Amino acid sequence: YGCRALFSLAANAEKQVAIAEAGGIRAVVAALQQHPTEALVQYFGCGALWSLVLNAENRVVIAEVGGIAAIVAAMQQHPTNADLQLLCCHLLIQLTLNTKNKVSWPRRA
């Protein structure tokens, strides 16, 4: 229920900063990593990250603590969960808004 609470609590900019400063991003990513088969943990964990990613500084922190890999793992573990897939796609789009998070893909010949 922790991820679900953070999903709701991070509704405004002040709380997004406070949650990040308290280690909330790292805790959410840890929950995603420790419970990969639990669809609700994955959904609410990614939902919490979605609320937190609206803060530009949090985008970098999410990537630094392994959030991108955790999001992709959630998508791979739950390929038929359309709600989770959509949430993760939106979350990954938000993460690319920070140039530090962008990855250069090699061009095909």
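Modeller: Helices here are DSSP runs (H or I, at least four residues; strands are E, at least two), numbered from the N terminus. This is a predicted model, where local features need pLDDT of at least 70 and side-chain atom pairs count only at pLDDT 80 or more, while totals for chains, interfaces and linings use all residues. Residues are numbered from 1 along each chain as its sequence is written, and side-chain values use heavy atoms, with hydrogens and water left out.

Biologist: At what angle do the axes of α3 and α4 cross?

Modeller: An axis is a line fitted to C-alpha atoms over the stretch in contact, and angles run from 0 to 180 degrees between N-to-C directions. For α3 (residues 24–34) and α4 (residues 39–52), the axes cross at roughly 155 degrees and come within 9 Å. So α3 is roughly antiparallel to α4; the label needs over 145 degrees, while under 35 is roughly parallel, 65 to 115 roughly perpendicular and the rest oblique.

Biologist: Which residues in α3 and α4 meet?

Modeller: Contact means heavy atoms within 4.5 Å. From α3 you get Ile25, Val28, Val29, Ala31 and Leu32, and they meet Val41, Gln42, Gly45, Cys46, Ala48, Leu49 and Leu52 in α4. By class, that contact has 10 nonpolar residues, two polar and no charged. Nonpolar covers Ala, Val, Leu, Ile, Met, Phe, Trp, Tyr, Cys and Pro; charged is Asp, Glu, Lys and Arg; the others, Gly among them, are polar.

Biologist: On to α6. Which of its residues are buried?

Modeller: Buried is under 20% relative accessible area, exposed over 50%, partly exposed in between (1.4 Å probe, protein chains only). In α6 the buried set is Gly67, Ala70, Ile71, Ala74 and Met75. They span an arc of only 140 degrees around the axis, so they sit on the same side of α6; the arc is taken from the directions from the helix axis to the C-beta atoms. The general idea: an α-helix has 3.6 residues a turn, so residues three or four places apart point the same way. Ala69 and Gln76 are exposed, on the face of α6 turned away from its buried side.

Biologist: What do the buried residues of α6 pack against?

Modeller: They pack against α3, α4, α5 (56–64) and α7 (82–95). Take α7: its axis and that of α6 come within 9 Å and cross at roughly 155 degrees. That makes the pair roughly antiparallel, and the contact holds 11 nonpolar residues, one polar and no charged. With α4, the axis of α6 comes within 11 Å and crosses at roughly 145 degrees. There, Gln42, Cys46 and Leu49 of α4 meet Ala70, Ile71 and Ala74 of α6.

Biologist: And Ile68: how much relative accessible area does it have?

Modeller: It has 28%, which means Ile68 is partly exposed. Beyond its neighbours within four places in sequence, Ile68 is in contact with Ile62, Ala63, Leu92, Leu95 and Asn101.

Biologist: Which residues does Gln77 touch?

Modeller: Gln77, also in α6, touches Pro36 and Thr37, leaving out residues up to four places away in sequence. Gln77 is partly exposed at 40% relative accessibility. Its C-alpha atom is 8.7 Å from that of Ala39, though Gln77 and Ala39 are 38 residues apart along the chain.
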